[in-house]
Amino acid sequence: MKKTLALILAFLMLLSLCACGAGSKGSDTAAATESTQEAPAAPAEAAEDSYGGLAAYSNFAADYDYAEAEENGADGGTGAEAGEINPDKIIYSGEAEVETRDFDDSIAKLMEMLEQYGGWIESSSLSGANYYSISRGNSGNRSASYTLRIPSQHFETVMNSLSEIGNVPYTYTYSENVTAQYYDTQARLTAYETQEARLLEMMEKAETVSDVITIEEKLTELRYQIESLQSSLTNWDRQVSYSTLRVGVTEVGEYTPQPQQSYLQELWQALTGAFKNLGSFFKDFLVFLVSAIPTIIVLVVLFFIFRPVYRKVKARRKAKREKGRPDKDEEK
């Protein structure tokens with residue numbers, strides 16, 4: 001009987017505890033409902049709190065979709081029409097060697113061509129033979145080197161027109177596709193500019209000095225990133241719009257022969273080249289002898305001046321040796 005009474009009491013206590021828990025849950029729900037009804041005033045207060053604004057900014061920066069911005073272009077999709085394909089960004093460059101028998105005329109033609117197609121000279125150098133090379137029998141050929149910037153739409157035309165100013169034994173062109181890097185950088189620039197605008201809005205609502213300093217630090221970091229990306233885009237735009245062409249112009253006596261030759265022609269060219277080299281050797285040797293004449297004369301004069309002195313010194317040494325021999329014989 002006592003056990004039954006104890007069980008009944010335990011059951012009643014459990015029911016009372018459940019009832020208290022239900023009442024507490026109902027009061028919490030009612031409090032949450034009242035808090036929800038008063039919620040419209042909270043965003044304004046959060047907007048005035050700069051720390052809350054910085055937190056919102058951080059969430060925005062983390063959730064920003066760079067891929068979507070890249071697809072939309074530099075303006076985030078606001079300036080480009082829907083479905084428009086971004087143009088490729090390709091940098092073209094080239095090198096060429098030009099041989100000429102009329103150096104001045106070829107340089108003048110190159111400058112005319114550059115002006116005709118709207119290009120400009122980035123750097124240039126001009127060299128000619130010095131007195132030493134001329135005294136050694138060299139022909140004194142001149143040479144020039146130019147780094148030209150040509151509008152990309154005329155790059156191929158200029159490359160094909162170099163044969164008009166002289167013989168072109170060597171050309172080389174190459175390209176670099178920077179489309180992916182360009183539009184990725186453009187998308188990141190858009191993201192940083194959006195973040196900068198958001199921080200400027202927060203700056204207007206900041207109330208304390210510490211908040212202003214925190215926002216200014218973030219603005220400084222963003223401004224550095226923005227300027228770096230803008231510099232990269234500007235550099236790419238310049239290289240894409242104006243191709244780079246390096247041209248070397250050399251004055252020669254004879255043009256480099258074309259490689260399309262028969263076997264007999266190659267043999268004849270080798271034979272004639274050997275005779276030319278032999279003639280050049282004797283020519284240089286004769287020039288060397290002529291240039292060495294003053295030195296030879298000085299050496300000959302010195303030889304005849306010091307020869308008698310040398311003979312006298314040699315004779316004295318010989319006489320001393322002869323005088324010393326009899327004395328030694330007498331001692332024996």
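**Entry 1**

I looked up Glu 95 and found its bridge partner in β4, Tyr 172. This is a predicted model, in which local features need pLDDT of at least 70, side-chain atom pairs count only at pLDDT 80 or more, and totals for chains, interfaces and linings use all residues. Residues are numbered from 1 along each chain as its sequence is written, and side-chain values use heavy atoms, with hydrogens and water left out.

I then followed strand β1, residues 90-100. Strands here are DSSP runs of E with at least two residues, helices are runs of H or I with at least four, and both are numbered from the N terminus. β1 runs antiparallel to β4, and 9 bridges join the two. Ile 90 stands opposite Asn 177 in β4. Toward β5 the pairing is parallel, with 8 bridges. There I noted Glu 97 opposite Gly 248. Two strands count as paired if DSSP finds at least two bridges between them.

**Entry 2: the whole sheet**

In what order do the 5 strands of the open sheet lie? I read β2-β3-β5-β1-β4, with mixed pairing. The edge strands are β2 (120-127) and β4 (167-177), each pairing on one side only. From one strand to the next, the twist averages 10 degrees.

Next I checked what covers these strands. Helix α9 (residues 209-241) lies across β1, β3 (143-151) and β5 (242-251). Its direction makes about 55 degrees with β5. Axes are lines fitted to C-alpha atoms, for helices over the stretch in contact, and angles run from 0 to 180 degrees between N-to-C directions. Contact means heavy atoms within 4.5 Å.

**Entry 3: chain totals**

I counted up the secondary structure: 10 helices and 5 strands. The protein chain has 332 residues, of which 22% count as buried. Buried means under 20% relative accessible area, exposed means over 50%, and partly exposed lies in between (1.4 Å probe, protein chains only). The accessible surface of the chain comes to about 23,900 Å². Carbon and sulfur atoms hold 57% of that surface. These areas come from the Shrake-Rupley method with a 1.4 Å probe; for residues, only the protein chains shown count as cover. Among contacts with a separation of 6 or more, 84% are between residues 24 or more positions apart.

**Entry 4: salt bridges**

I found 6 salt bridges in the structure. The criterion is a side-chain nitrogen of Lys or Arg within 4 Å of a carboxyl oxygen of Asp or Glu.

I started with Arg 142 and Glu 251, whose closest N and O atoms are 3.2 Å apart. The pair links distant parts of the chain, 109 residues apart. Arg 142 sits in the loop between α6 (131-135) and β3, and Glu 251 in strand β5. Arg 142 is partly exposed at 29% relative accessible area. Glu 251 counts as buried, at 15%. Asp 104 joins Arg 142 and Glu 251 in a network of salt bridges.

Asp 105 and Lys 109 came next, with 3.4 Å between the closest N and O atoms. They are 4 residues apart in helix α5 (residues 103-116), so about one helical turn separates them. Asp 105 is partly exposed at 34%, and Lys 109 is partly exposed at 35%.

Asp 184 is partly exposed at 29%. Arg 188 is partly exposed at 33%.

**Entry 5: Ala 191**

From Ala 191 to Ile 226 I noted 35 residues in sequence and 9.5 Å in space, C-alpha to C-alpha.

**Entry 6: a nonpolar surface patch**

I turned to helix α10, residues 263-331, which holds Leu 286. Leu 286 counts as exposed because its relative accessibility is 53%. This residue belongs to a nonpolar surface patch. Patches are made of residues with over 30% relative accessible area and no salt bridge; like charges are joined within 9 Å, and nonpolar side chains (Val, Leu, Ile, Met, Phe, Trp, Tyr) within 5 Å.
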